[in-house]
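Take a look at the protein below. This briefing walks through its strands and its nonpolar cores.

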Amino acid sequence: MLRVVYLDHSGFMVETDKRICIFDYYRGQIPHLDPGKEIYVFVSHAHYDHYNPEILSWKEENPGICYIISEDVNIKDQGGRFLFVRPRQDYTVNGMKIHTLKSTDQGVAFLVETENRRIYHAGDLNWWHWEEEGRIFNEMMSRKYRAEIDKLKGASVDLAFVPLDSRQGDTFYLGMDYFMRQTDTKCVFPMHMCGAYTIIERLLKLKESGPYRGRVMRINKNGQRFQIEGE
């Protein structure tokens, strides 16, 4: 079983039998951390809504904590265990496998394999489409996103966190839709919604979401807790 806590924006805590993984903490209440479990903190990139320096203070109460951080994040205080990662690389930390993808914005996305489970956190890897940027930019963004997600084509993913940003207007669903169609993802949490949670219902009403509609989790407030059953 995977236990998930929605922290805020793109921040989630995922708890397995052995490990606690916290992704892109920005703000929100961190639940009590089981001292008997390994704790890993992932940061996909340096944007303020994905990286809060507060996370560095957590090592005072959790001396065994491990930070897995995109190399674009400038951290001078390294009085703990830090692994700085680059795009399109493979890493292994205490038996946990980590593959990084290249973001279409900044930093990386994470594909984490732990305890026979595969967890994907997109960071800001998304099919960003902005009308004000014009055709050339948007076509380039489309190519880059599809090329990166195509590297995961057919991959089995137990749990995914993928942007669903209402600021993109009618193209808000493109990144989510392409990811879900290219991968075999059992459960996906929309994120990066900037508090506009109704965007989830908007997605679910689109005919495009038909093939995966039942695998999209509904979020409506910070601190929500979920249990994801395994096979």
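The points below start with a sheet and end with the cores. The model is predicted.

**The sheet**
- Strands of a sheet pair through backbone hydrogen bonds, either parallel or antiparallel.
- Here, 7 strands form an open sheet with mixed pairing. Their order is β6-β5-β4-β3-β2-β1-β15.
- β6 (81–85) and β15 (225–228) stand at the edges. Each has a single partner strand, so one side of each has no neighbour in the sheet.
- From one strand to the next, the twist averages 20°.

**Strand β2 and its partners**
- β1 (residues 2–8) runs antiparallel to β2, and 5 bridges join them. Tyr 6 has Phe 12 in β2 as its bridge partner.
- The hairpin of β1 and β2 has 2 residues between the strands. In this hairpin, His 9 takes a positive phi near 60°.
- β2 (residues 11–15) also pairs with β3 (residues 19–23), antiparallel, over 4 bridges. Met 13 is bridged to Ile 22 in β3, and Val 14 to Cys 21 in β3.
- β2 and β3 form a hairpin too, with 3 residues between them.
- Both faces of β2 are covered. Gly 11, Met 13 and Glu 15 are buried on one side, Phe 12 and Val 14 on the other.

**The cores**
- In soluble globular proteins, nonpolar side chains tend to be buried together.
- The largest nonpolar core has 59 residues. Phe 42, Tyr 120, Leu 159 and Phe 189 touch the most other members.
- Leu 159 touches residues including Leu 2, Val 4, Val 14, Tyr 120 and Phe 189.
- Another core, of 21 residues, lies apart from the largest one. Among its members are Ile 22, Ile 55, Tyr 67 and Ile 69.

Terms used
Residues numbered from 1 in each chain as written. Predicted model: local features only at pLDDT ≥ 70, side-chain atom pairs only at ≥ 80, totals over all residues. Heavy atoms only, no water. Core = buried A, V, L, I, M, F, W, Y, C linked by side-chain atoms within 4.5 Å. Buried < 20%, exposed > 50% of the residue type's maximum accessible area, 1.4 Å probe, protein only. Contact = heavy atoms within 4.5 Å. Pairing = 2+ DSSP bridges. Axes fitted to C-alpha atoms, helices over the stretch in contact; angles between N-to-C directions. Lists of a residue's contacts leave out its neighbours within four places in sequence.
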